[in-house]
Amino acid sequence: MTSYTTPLRDLLFVYSELLNPAVIQALPGYEEVTPELVESILAEAGKFCEEQLFPLNRSGDEEGCRFEQGRVFTPEGFKAAYAAFTEAGWTTLQGHPEYGGQGLPKYINIMLEEIISSANFSFGLYPGLTGGACSAINGYASEELKRRFLPKMVAGEWSGAMCLTEPQCGTDLGLLRTKAEPQQDGSYLLSGSKMFITAGEHDLTENIIHLVLARTPGAPKGIKGISLFLVPKISVRDDGKLAAPNGVSCGSIEQKMGIHASSTCVINFDAAQGYLLGELNQGMEAMFVMMNNERLAVGIQGLGIGEVAYQSAVAYARERLQGRSLSGTKHPDKPADPILVHPDVRRMLLTMRAYGEGNRALVGWVARELDRSLRHPDPRSRRDAADCVALMTPIVKAFITDCGFELANLGMQVFGGHGYIRENGMEQYVRDARIAQIYEGTNGIQALDLIGRKLPVHTGRYLRHFFHPVKAYLEEKENDAGLLVFVLPLAKAFGRLQQATAWLAQKGMENPEEMGAAATEYLRLFALVALGYLWLRMADLGIRNQDGDEAVFYRAKVDTARFYFERILPQTGALFASIMSGSSTMMQFNDEAF
Ligand SMILES: Cc1cc2nc3c(=O)[nH]c(=O)nc-3n(C[C@H](O)[C@H](O)[C@H](O)COP(=O)(O)OP(=O)(O)OC[C@H]3O[C@@H](n4cnc5c(N)ncnc54)[C@H](O)[C@@H]3O)c2cc1C
């Protein structure tokens, strides 16, 4: 009952029309990355995901992963699909050419991640974490370690896992206890237990490379005493060949609400040999390379799941016959009209579409800046782009995963009771989408990151990379009569964001709890304004292309923009009021009364 076709047209609209593709093509090494090449890669990727991954989504959910005597078995079909995935070279897209990668822009890989997340969320977590681990190894490992580990990881023959969480430490990593004892040969022996480790153990690859946070003897307490280590499940000789097992074992896997086909493991380290990445006690800095990668990837998971929920809901709304249109029967030949005629169903579908396409534009913008931050020849431009990515990462992670869940939920609502029934596939999306709001730093923590770290840094330097383009674009379009219905409400919402930002900067200095109390609403206000800015740009493009061959596509852009501005952007008023009410109602509430 669920259905999915790669939204190729919209992915390319964002890549080639909304964001100037010449910006990426001008980066050193990307001269050959023409829009035609991007289109052909995405078309192939889409075909693969639709044909090989999507059919395994529901069976993978039903069967789940199996734990037997320390080994984890993925559901039927996953091993073959993973083999086909690596065989086709999909793990190599963004990898460094020195280690066997194709060295393509991150943006292309990000579009692939969206497609995979729509087709099979759980499957995507296996190669997804490997990409993040490669980035951290690339940034912080010695040349020797890179040569030993990266080629197999880039090829997908070995996978990666991220080992932070322990029973007593989730958000507060300063509490972690895993120990790393230095050895004569410069390596370390790690002992301790990690939990909730995604893809910590499975049967898809012959080796798993764990990136583990641990403490060395005498390290400072808290977050300042944490180091990052590379710990292979099976030891690897200098020549890259596998040696003996390395004191890494899986204690159990979790029974979860969703993503059943993704293994979530307790991983025990028993004097396992590991190698330091980066400097001693600077583990968080190195881990943040992987975590920032993963935070964007998790936002993209929300985007992917929202898309498949939307497509499935539209298909259902066209077929399901219930009631008659309020403005008179539309299909007299049928016993009832399709539910697509009902305003409330259209409200749900357009809400899904407006968030989904807006979020795709937001992800595209950040993806392009990510590539600029890594490749631009001018250091100042690289820094500016990196500022923009740093500012927007918590927004992509939190807002888009909130949307992923909201959209999956709306999709289920469009299906009515049939959405609640397992065999129809919609309830899986609701269950799968939910985790993305929690892992990789809860969405509450993302909001604190935005407000507490990203806003004040360098006296608001990051913020300028959002405020300036929005202000400039509003000024450029303020006399454009055709766009006035978009420009005026965006200017109002932007004003609210500016005012709330100034208020919080002042209040936060006096009392940090004001920031904490406002953080979640502030992040949403920010995100809605960001989407408003992008929808204004998309409406502009839509209006200018109304008469061509693709009039239906462009008109839909303008109409969806209107829906966004009339029905969604006004939420900024309520969020603003809520932020400005301050923290007292929450913080003065009597603890005993809870
Ligand atoms: C399916 C799954 C897969 C996972 N995969 C991985 C993985 O691969 N690797 C890994 O290391 N971990 C993984 N995790 C762990 C995940 O990242 C943590 O669960 C998450 O970061 C939250 O930590 P916690 O569960 O301990 O919650 P807690 O930290 O106990 O938080 C509980 C609540 O308190 C709030 N809170 C906590 N501290 C603060 C604060 N300072 N200010 C405001 N609010 C606060 C949180 O937002 C949350 O709402 C996974 C978890 C799950 C369920």
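In the predicted model, the C-alpha centres of domain 2 and domain 3 are 41 Å apart. These two belong to a division of the protein chain into domain 1 (8–140), domain 2 (160–281) and domain 3 (454–584).

The largest nonpolar core contains 189 residues, and Phe229 and Tyr522 have the most contacts inside it. Helix 16 (residues 512–544) supplies the largest share of this core, with 19 residues. In soluble globular proteins, nonpolar side chains tend to be buried together. Beyond its neighbours within four places in sequence, Phe229 is in contact with Ala180, Tyr188, Leu190, Val212, Ala214, Gly274, Tyr275, Leu276 and Leu277.

Strand 3 spans residues 158–163, and because six of its six residues are buried, the strand is largely enclosed by the rest of the structure. Strand 3 pairs with strand 6 (residues 207–214) in the parallel sense, over six bridges. Within this pairing, Trp158 stands opposite Asn207 of strand 6.

The ligand has 20 residues around it, of which Leu164, Gly170, Thr171, Thr198 and Thr442 come nearest. By class, the shell consists of 10 nonpolar, eight polar and two charged residues.

Helix 13 has buried positions of its own, namely Asn443, Gln446, Ala447, Leu448, Asp449, Leu450, Ile451 and Lys454. An α-helix has 3.6 residues a turn, so residues three or four places apart point the same way. The buried residues of helix 13 are covered by elements including helix 10 (379–414), helix 14 (461–477), helix 15 (484–510) and helix 16.

Ile339 lies between helix 8 (283–319) and helix 9 (343–375). Ile339 counts as buried because it has 23 C-beta neighbours inside 10 Å, and 20 or more are required for that class. Leaving out residues up to four places away in sequence, Ile339 touches Ala317, Arg320, Gln322 and Val345. Leu93 is 246 residues from Ile339 along the chain, and the C-alpha atoms of the two are separated by 42 Å.

Notes:
Residues are numbered from 1 along each chain as its sequence is written. This is a predicted model: local features need pLDDT of at least 70, side-chain atom pairs count only at pLDDT 80 or more; totals for chains, interfaces and linings use all residues. A nonpolar core is a set of buried Ala, Val, Leu, Ile, Met, Phe, Trp, Tyr and Cys residues joined through C-beta atoms within 7 Å. A residue is buried if 20 or more other C-beta atoms lie within 10 Å of its own, exposed if 12 or fewer, and partly exposed in between; C-beta atoms are placed from the backbone. Helices (H or I, at least four residues) and strands (E, at least two) are DSSP runs, numbered from the N terminus. Two residues are in contact if their C-beta atoms, placed from the backbone, lie within 7 Å. Two strands pair if DSSP finds at least two bridges between them. A residue is near a molecule or strand if its C-beta atom, placed from the backbone, lies within 6 Å of it. Ala, Val, Leu, Ile, Met, Phe, Trp, Tyr, Cys and Pro count as nonpolar, Asp, Glu, Lys and Arg as charged, and the others, Gly among them, as polar. Domain bounds come from an automatic or database domain assignment.
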